[in-house]
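Me: I am new to this structure and would like to learn how to read it. Could you walk me through a few features, one at a time?

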Amino acid sequence: MLGWGNQFNICCFLDNHNYHFLHTGVECVLAAGAVNAVSASAGNAFEALRLFSDTFSNDWLFGHFNYDLKSETEDVAFSVKEDRVLFPDLFFFIPETIIILGRNEISISSQTHTHQQVFDELCAANISNIAAQSITFSQRFSQAEYIATINNLKKHILRGDCYEINFCMEFFAQNISINASQTYLSLSSVSPNPFAAYYKLNDKYLLCASPERYLKKTGNKILSQPIKGTSQRNHTNRLQDEQYKQQLYESVKERAENVMVVDLVRNDLSKVCREGSVQVDELFGMYTFPQVHQMISTISGTIKSDLHWLDAIKATFPMGSMTGAPKKKVIELIDRYEKSKRGIFSGAVGYITPDNDFDFNVVIRSLMYNETNRYLSYQVGSGITYYCDPQMEYEECLLKAEGIKKLFC
């Protein structure tokens, strides 16, 4: 599917990697080619998407929300930092062809080919097997700069400006050429995750190994599954691995972070859900992934019947797990202290069905690549609270980046 879809200038490949958690969505889906599309910059982006969605209400839409749409949802200033990857703030397209892979069947819908043509081409498609080159990434923050910045953020917390803030730093390489589809397959091999995505928008690529769901709507039900709490793994010692997992579950610091984001999500969902319907379905859920153990909570609600599907996005974006609390203030602090524009990182990629259901991930554990600029980037972050240890937060960031670093050693 990926090899066939990659021939198009625009494609979106979403893969669950056979995770069967509660609320699992589509196993694997490919949207290839664009019959029509909407692209917009922050300022009027959501209104442009609303009009596009209403005009083509019987079609599937695939695409993304950039983190920088924060200026529309939270009434904060536009970021003036440089963006070298250059995904538009918002982009959605109606695909020429949709291929959905289930456990026991494959569904093909195409506006340009017969089902048999697509299936035959699909079976013949492949991806060139090119060995990954060795790449050395530079950091926007030195270790000393990172620790100094975390200490400054802790001063803001002490003053009462905020309770928790998600702080990120960028690793980047310039004058680099990669085979994007092969790199994605390598990333998926090293770090298969349930919200993985290969997203190609002409010369811009997102290679995503995300474990996190941002928001899902099914009928009148919506749910969010924020991640807060990370622990290393030990693949050679099962007992030690379980101890790491138990330590994460019992950590007062990690639980405090998780509760903060749960409360933030509850507040966000209450803006668009029926009174009394917002609930915490799972608190401090423990989930194991290839590189790390994670603490995930699930919050759900019943959306008000008179609202547009897009209202749920506007009420909750950017997601609390990638900002902090209170959201508006921490977004301002993020823009003040981070050195890189986030762009599509900590945004969301996903789809909207003809029934106005949707499912979006959180863009983390991802490579961003601009083929024209020959610029390759990834960002990592962690939740900062007053009692956090800056050195340990720095090490957590490096741990989260491990799956990507392994690709280029």
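Me: Where is Asp 75 found?

Reply: Happy to start there. This is a predicted model, in which local features need pLDDT of at least 70 and side-chain atom pairs count only at pLDDT 80 or more, while totals for chains, interfaces and linings use all residues. Residues are numbered from 1 along each chain as its sequence is written, and side-chain values use heavy atoms, with hydrogens and water left out. Helices (H or I, at least four residues) and strands (E, at least two) are DSSP runs, numbered from the N terminus. Asp 75 sits in the loop between α3 (70-73) and β4 (90-101). Its phi is near 55°, a positive value in a residue other than glycine.

Me: Is Asp 75 buried or exposed?

Reply: Buried means under 20% relative accessible area, exposed over 50%, and partly exposed in between, using a 1.4 Å probe and protein chains only. Asp 75 has 64% relative accessibility, so it counts as exposed.

Me: How do I read two packed helices?

Reply: Look at the angle between their axes and the distance between the axes. Axes are lines fitted to C-alpha atoms, for helices over the stretch in contact, and angles run from 0 to 180 degrees between N-to-C directions. Helix α5 (residues 143-159) and helix α11 (residues 390-400) have axes that come within 9 Å and cross at roughly 120°. That makes α5 oblique to α11; angles under 35 degrees count as roughly parallel, over 145 as roughly antiparallel, 65 to 115 as roughly perpendicular and the rest as oblique.

Me: Which residues of α5 and α11 make the contact?

Reply: Contact means heavy atoms within 4.5 Å. From α5 come Gln 143, Tyr 146, Ile 147, Ile 150, Asn 151 and Lys 154, and from α11 come Pro 390, Gln 391, Glu 393, Tyr 394 and Cys 397.

Me: How does α5 pack with helix α10?

Reply: α5 and helix α10 (residues 327-337) pack at about 155°, with axes 12 Å apart. This makes α5 roughly antiparallel to α10. Thr 149, Asn 152, Leu 153 and His 156 in α5 meet Leu 333, Arg 336 and Tyr 337 in α10.

Me: Is Arg 213 buried or exposed?

Reply: Arg 213, in strand β10 (residues 213-218), is buried, with a relative accessible area of 2%. For its partners you need the idea of a polar contact: a pair of N or O atoms within 3.5 Å, where within protein one must be able to donate a hydrogen and the other to accept it, and residues adjacent in sequence count only if both atoms are side-chain atoms. The side chain of Arg 213 makes such a contact with the side chain of Gln 225, at 2.7 Å. Another, of 2.9 Å, joins the side chains of Arg 213 and Asp 359.

Me: What does the side chain of Gln 291 reach?

Reply: Gln 291 reaches the backbone oxygen of Val 190, at 3.1 Å. Gln 291 lies in the loop between β13 (279-288) and β14 (292-302) and is buried, with a relative accessible area of 14%.
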